[in-house]
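Me: I have a model open and would like to learn how to read it. Where should I begin?

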Amino acid sequence: MDGIAESTAHQREAGCKKDMTHQEIHEQLSDYILGLLTPGQENEMSQHLAGCAACRQRVHDEREIGAIVRETLHSATRPEPMQLRQLMPPVPKKKRSGKIAANWTSRLAPALVLLVIIASSLILTAQESKRSMSIFFASTATATSTNTPTATVTQDIRSNINETTPISEMGEGELALNEIKPLVQVVAAPVPLQSPTPVAVISRTTTN
Amino acid sequence: MSEYPSLAWDSAEEAYPSNDAELGFLIERCLSGDEAAYRILFERHSGLIYRLAYSLLQNRQDAEEVLQDSFEYAFRKLADFDEQKSAFTTWLYRITVSRCRNKRRRKWLPTMPLSLLAPNGVKDDNVKAPDELLEQTEMQRTVWYALGQLSPKLRETAVLRYYYGMQYKEIGEILNISPKTAESRMRLTHQKLRGIIEILQEEWTE
């Protein structure tokens, strides 16, 4: 605020001439009325205003701008009686507990479906495993369909295995895969006209 | 010393906002589904919000739409209001300013001021003085027009500072800018407004 002090001295000598220093004071006057000065600056400005009628007039003019804006807005934007009440938007519906429960159910639904699928898969796998074991140790399993085209594959699984040889007496490599020679026979079946999808049926037979 | 006095509402439509404790209780009642509480909340703040929207948009119909939109959003998001972060009115003002900006953006193309197309003397028909201003002084009509000539950002600052008497920190919170930026904008606003008013007074007295 050296400028203010300097200007104050200048004003006393030259009667508030609008030199550069005084222009700066005027700029600070705007800040003063806008509340942009620090408390220290504000204090100095107050002291300056006490001794400078021109700056006091300027402060008055600056404040007039704010005052007239305020008056203008206040009178221009005044709502009419009852005008605003009609503009109240609808009150939002409160969420009820039942709705919350429904939301939770809907969120859990995919998880429940997934759980059912996994459980079904496990049951089917267990059943399939049990059936495979029975096929292996039993004799023949044949699946047929009445109105579907069939191709019968006969696979000789145990032809090269000496069933009389105990497993403990088998030599190393005796059960190598290349020693199991499947015999495949494809039997053509008549194709019915109404058959939508061909189905292959695998028939396993045990031969000696 | 430099603070503008608080607003003196002269209409029963514009009651003073309640104190924090009372307001907190009112909000709790709203959240519990009390429709009467919503009505009280609306009636206590609708005047402030309508005036803010009208001042920023200078169009009565737009202001009414913004008022409805703002309260519809505020009611729906009332549970999200955090009194630790801001005052309720600050929260409402922020919602309103945001909606005013959206409204202005949507209307920008069809309502581009003619003065931008023909800068020599064609007045902007979109910034019409409201009917109420017909009863006001010529100075007030001049100021209303001058406010319309400010950029939207500066108009926001002018309204919040001159009319609502807010501190720069709160202006910054509402406009999502720093207090220093709010101060700079206000300095610029004051200078521009002073200049526009002086020019308009000269032109209109010729």
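Reply: Begin with the order of elements. This is a predicted model, and from the N terminus on, chain B runs α-α-α-α-α-α-α-α-α. In total, chain B has 9 helices and 0 strands.

Me: How many residues does chain B have, and what percentage of them is buried?

Reply: Chain B has 206 residues, and 35% of them are buried. As for how the chain folds back on itself, take the contacts in chain B between residues at least 6 apart in sequence: 59% of these join residues at least 24 apart.

Me: How do I read a nonpolar core?

Reply: The general idea is that in soluble globular proteins nonpolar side chains tend to be buried together. Here the largest nonpolar core has 57 residues, and B:Ala53 and B:Val159 have the most contacts inside it. Helix 2 of chain B supplies the largest share of this core, with 11 residues.

Me: Which residues does B:Val159 touch?

Reply: Leaving out residues up to four places away in sequence, B:Val159 touches B:Leu52, B:Ser55, B:Leu56 and B:Tyr164, as well as A:Leu73.

Me: A:Leu73 is in the other chain. How many residues of chain B are in contact with chain A?

Reply: For an interface, count the residues on each side, then ask which elements supply them. Here 42 residues of chain B are in contact with 28 residues of chain A. On the chain B side, helices 2 (35-57), 3 (60-76), 6 (138-149), 7 (152-163) and 9 (179-205) each give two or more residues. Helix 2 of chain B gives the most, 10 residues.

Note on methods. Residues numbered from 1 in each chain as written. Chains lettered and ligands numbered in written order. Predicted model: local features only at pLDDT ≥ 70, side-chain atom pairs only at ≥ 80, totals over all residues. Contact = placed C-beta atoms within 7 Å. Helix = DSSP H or I, 4+ residues; strand = E, 2+ residues; numbered from the N terminus. Core = buried A, V, L, I, M, F, W, Y, C linked by C-beta atoms within 7 Å. Buried ≥ 20, exposed ≤ 12 C-beta atoms within 10 Å, placed from the backbone.
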